[in-house]
There are 4 protein chains.
Amino acid sequence: MKTNRLEAFSDGVIAIIITIMVLEMKVPHGNALHDLYSLLPVFLSYVLSFIYVGIYWNNHHHLLHMVKKVTAPILWANLHLLFWLSLFPFATGWMGENHFTSIPTMLYGVVMMMASLASWLLVAAISASEGDNSSFKTIVGKNAKGKASVFLYLFAAILAIWVPSVALAIYVIVALFWFVPDKKVERELHVKVK
Amino acid sequence: MKTNRLEAFSDGVIAIIITIMVLEMKVPHGNALHDLYSLLPVFLSYVLSFIYVGIYWNNHHHLLHMVKKVTAPILWANLHLLFWLSLFPFATGWMGENHFTSIPTMLYGVVMMMASLASWLLVAAISASEGDNSSFKTIVGKNAKGKASVFLYLFAAILAIWVPSVALAIYVIVALFWFVPDKKVERELHVKVK
Amino acid sequence: MKTNRLEAFSDGVIAIIITIMVLEMKVPHGNALHDLYSLLPVFLSYVLSFIYVGIYWNNHHHLLHMVKKVTAPILWANLHLLFWLSLFPFATGWMGENHFTSIPTMLYGVVMMMASLASWLLVAAISASEGDNSSFKTIVGKNAKGKASVFLYLFAAILAIWVPSVALAIYVIVALFWFVPDKKVERELHVKVK
Amino acid sequence: MKTNRLEAFSDGVIAIIITIMVLEMKVPHGNALHDLYSLLPVFLSYVLSFIYVGIYWNNHHHLLHMVKKVTAPILWANLHLLFWLSLFPFATGWMGENHFTSIPTMLYGVVMMMASLASWLLVAAISASEGDNSSFKTIVGKNAKGKASVFLYLFAAILAIWVPSVALAIYVIVALFWFVPDKKVERELHVKVK
């Protein structure tokens with residue numbers, strides 16, 4: 001299998017995920033401003049998830065762009081990532097409809113954590129296939145940002161049981177970390193890790 | 001990242017948006033003609049939005065076709081545009097189901113305005129990347145039509161609070177402006193602006 | 001715009017239409033065989049529409065394959081066709097849920113007629129662009145099958161008001177006409193027309 | 001028609017199927033952990049179906065990759081396969097929502113059987129087109145795994161009427177058979193068949 005097919009399929013799945021997420025924002029029956037206002041939490045959770053899926057799509061590209069040969073582990077690591085991304089609409093809808101209460105906010109963090117873990121596994125699968133001296137290893141490095149994210153989501157998900165607002169703040173901050181042009185952040189994170 | 005990936009992803013998202021919009025037209029329980037008739041407002045709002053998404057897809061192509069290098073600002077300006085387009089099904093369904101009453105008709109205008117503003121930002125991001133002497137600047141020019149649309153939608157959205165029918169007429173007229181082959185309208189608009 | 005973009009976008013929309021149609025087949029609450037049995041009409045209407053969308057996708061390809069240059073009329077004639085195809089899930093669901101009664105069966109025919117009319121317009125738009133001596137005109141010929149379908153759907157839709165079962169039979173027969181390899185049927189139809 | 005169009009369209013449909021399947025996992029109204037817990041059967045059936053669709057996508061690629069010319073039988077055998085795959089979301093949702101009871105578990109097996117039968121027909125259509133001495137026949141061989149799957153699904157579907165748990169175990173085992181890298185399993189199966 002060539003890389004471009006894997007990319008096209010992943011693009012398709014991610015495009016659908018980012019779009020059906022909006023279906024959780026159900027058209028209200030009333031036609032007043034306060035009917036709209038009651039949808040605000042769902043809207044805000046949609047905005048956050050839209051940005052996250054955008055970041056994943058962006059990173060996914062940069063990742064697959066460096067793959068020379070699609071092996072079975074890469075293929076399944078990729079499908080595994082798409083699986084957790086496919087749970088974003090559910091987790092987003094549940095968190096939004098319940099106004100960012102404890103358990104739904106925790107679940108959101110768990111899905112986030114699993115998706116970032118799946119990304120980590122995908123990076124590992126590509127690393128194993130490309131070999132130690134590949135340009136992939138040089139560019140991706142120790143994947144510090146990716147690994148740190150997994151633990152931040154885990155930490156936030158646990159925290160959500162008591163203070164969902166802080167957990168939510170962590171989700172937003174991690175998104176910002178990824179949103180800011182990569183190299184700069186990575187350099188900063190490298191310094192921190194050292 | 002190459003342009004064709006950005007185009008393919010955007011195409012995918014726009015294709016899904018234009019198609020799931022029809023899901024707001026719920027299958028009625030009755031089987032008589034008047035059951036169908038009661039769906040007329042939803043159908044009409046669907047027709048309007050279908051044409052709008054068609055116009056956006058068309059313009060989006062012409063725009064991305066001129067991009068030589070995808071920079072981070074272009075990528076995020078593009079996702080920002082897709083975000084507002086993804087709200088079309090919601091805004092369309094709400095306006096249709098409430099028979100073009102004030103607030104839903106206003107929201108439709110606000111989403112329209114944000115989408116056209118996002119287009120404007122995308123044009124600006126491409127302009128900044130391509131440079132002052134690029135063929136892009138020559139062709140797109142002052143983007144008068146795009147800028148004028150933003151203000152027309154804003155105007156219509158405010159108007160919708162009192163006279164939604166006039167606001168709706170403006171939405172239809174702006175769609176016609178974009179529907180008519182570009183160059184001709186642009187020339188006319190240039191004259192008007194001068 | 002190049003043909004391949006128009007094809008890719010149309011493919012995307014048609015792929016979504018053919019897939020969301022199945023969403024009209026709602027998961028029943030009971031878990032017995034008769035719960036499934038009550039879905040039979042919806043299932044049968046889904047099968048018919050699936051075949052129809054498959055035929056449209058197939059013909060659409062052969063059509064666009066012969067296009068050398070995408071003009072504005074071709075682009076909008078294509079979007080117009082996609083618009084009517086996008087109403088298939090609605091028409092299919094309504095007809096199935098109402099067990100092929102008069103008005104829903106009539107609507108199905110109307111949507112079919114409009115889609116075949118839209119195909120006719122697309123053929124005309126391509127013809128106009130390619131010119132009289134093009135290979136397109138030679139291959140497509142008088143588009144007898146396409147034109148005949150429009151009138152057969154119209155006839156069936158009117159008939160549906162009194163005898164929906166006969167209308168349904170016509171829908172099935174027209175599908176078979178298109179399903180059978182093209183050239184053979186076309187030759188037969190040419191003879192009939194003469 | 002070229003192979004890449006058939007692949008792109010199939011990819012699109014499969015990408016949508018794998019993604020809309022998650023829509024059967026409805027966002028619960030409550031916000032407690034037990035609301036989530038009650039969704040566990042739907043989630044598990046989603047996991048199983050996600051893996052299955054992933055396997056189908058993977059095999060579909062390897063299959064179409066070897067096709068040199070798309071004939072009408074290949075095209076319709078492919079659409080026939082997509083039809084049965086499109087019923088996965090329905091069968092998955094029904095089985096999950098009814099906690100793996102008899103009839104829904106049976107239906108799941110029937111849909112599985114039909115999809116594997118459709119795969120078999122697709123292999124046969126390609127075989128017929130490529131000819132006896134083609135590399136396709138050499139690689140695919142007797143398609144023992146594909147044929148065995150059809151009968152295993154049939155067996156499991158019948159079994160589901162009395163012991164759905166055993167049927168479910170068979171579905172999982174067959175998935176594992178396909179999940180494990182192909183060549184190894186095929187060699188083992190060849191030995192078994194001999």
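In chain B, helix H6 is followed by B:Gly131, whose phi is positive, near 90°. Helices here are DSSP runs of H or I with at least four residues, strands are runs of E with at least two, and both are numbered from the N terminus. H6(B) covers residues 102–130, 29 residues in total, and spans 42 Å from its first C-alpha to its last. That is close to the 42 Å expected at 1.5 Å a residue, where the expected span is 1.5 Å times one less than the number of residues.

The structure is a predicted model, in which local features need pLDDT of at least 70, side-chain atom pairs count only at pLDDT 80 or more, and totals for chains, interfaces and linings use all residues. Residues are numbered from 1 along each chain as its sequence is written, while chains are lettered from A and ligands numbered from 1 in the order in which they are written. The model scores ipTM 0.88 and pTM 0.90. Chain A has an average pLDDT (the predictor's confidence in each residue, from 0 to 100) of 87, and 88% of its residues score at least 70. Where pLDDT is low, the predicted coordinates should not be read in detail.

**The fold of chain A**

Chain A contains 10 helices and zero strands. Of its 194 residues, 46% are buried. A residue is buried if 20 or more other C-beta atoms lie within 10 Å of its own, exposed if 12 or fewer, and partly exposed in between, with C-beta atoms placed from the backbone. Contacts are pairs of residues whose C-beta atoms, placed from the backbone, lie within 7 Å. Among contacts in chain A between residues at least 6 apart in sequence, 79% join residues at least 24 apart.

**One residue in chain B**

B:Asn58 lies in helix H3 of chain B, which runs over residues 40–65. B:Asn58 is partly exposed, because 19 other C-beta atoms lie within 10 Å. B:Glu7 is 51 residues from B:Asn58 along the chain, and their C-alpha atoms are separated by 12 Å.

**How the copies are arranged**

Two copies of a chain are related by a rotation about an axis and a shift along it. Here copies are superposed by least squares on the C-alpha atoms of residues with pLDDT of at least 70 in both. A rotation of 90° with 0.0 Å of shift along its axis superposes chain D on chain A, with an RMSD of 0.0 Å. The two copies are therefore related as by a four-fold rotation axis. They use different surfaces, as 10% of the contact residues of chain D recur in chain A. Chain D can also be laid on chain C by a turn of 90° and a shift of 0.0 Å along the axis, again with an RMSD of 0.0 Å. Only 8% of the interface residues of chain D are also interface residues in chain C, so these copies meet through different surfaces.

**The two sides of chain D**

Chain D places 26 residues in contact with 21 residues of chain C. Helices H1 (3–20), H4 (72–86), H5 (88–97) and H6 (102–130) of chain D each supply at least two residues of this side. In the contact with chain A, 21 residues come from chain D and 26 residues from chain A. The elements of chain D that give two or more residues to that side are H1, H2 (33–37) and H3 (40–65).

The table lists the makeup of each side.
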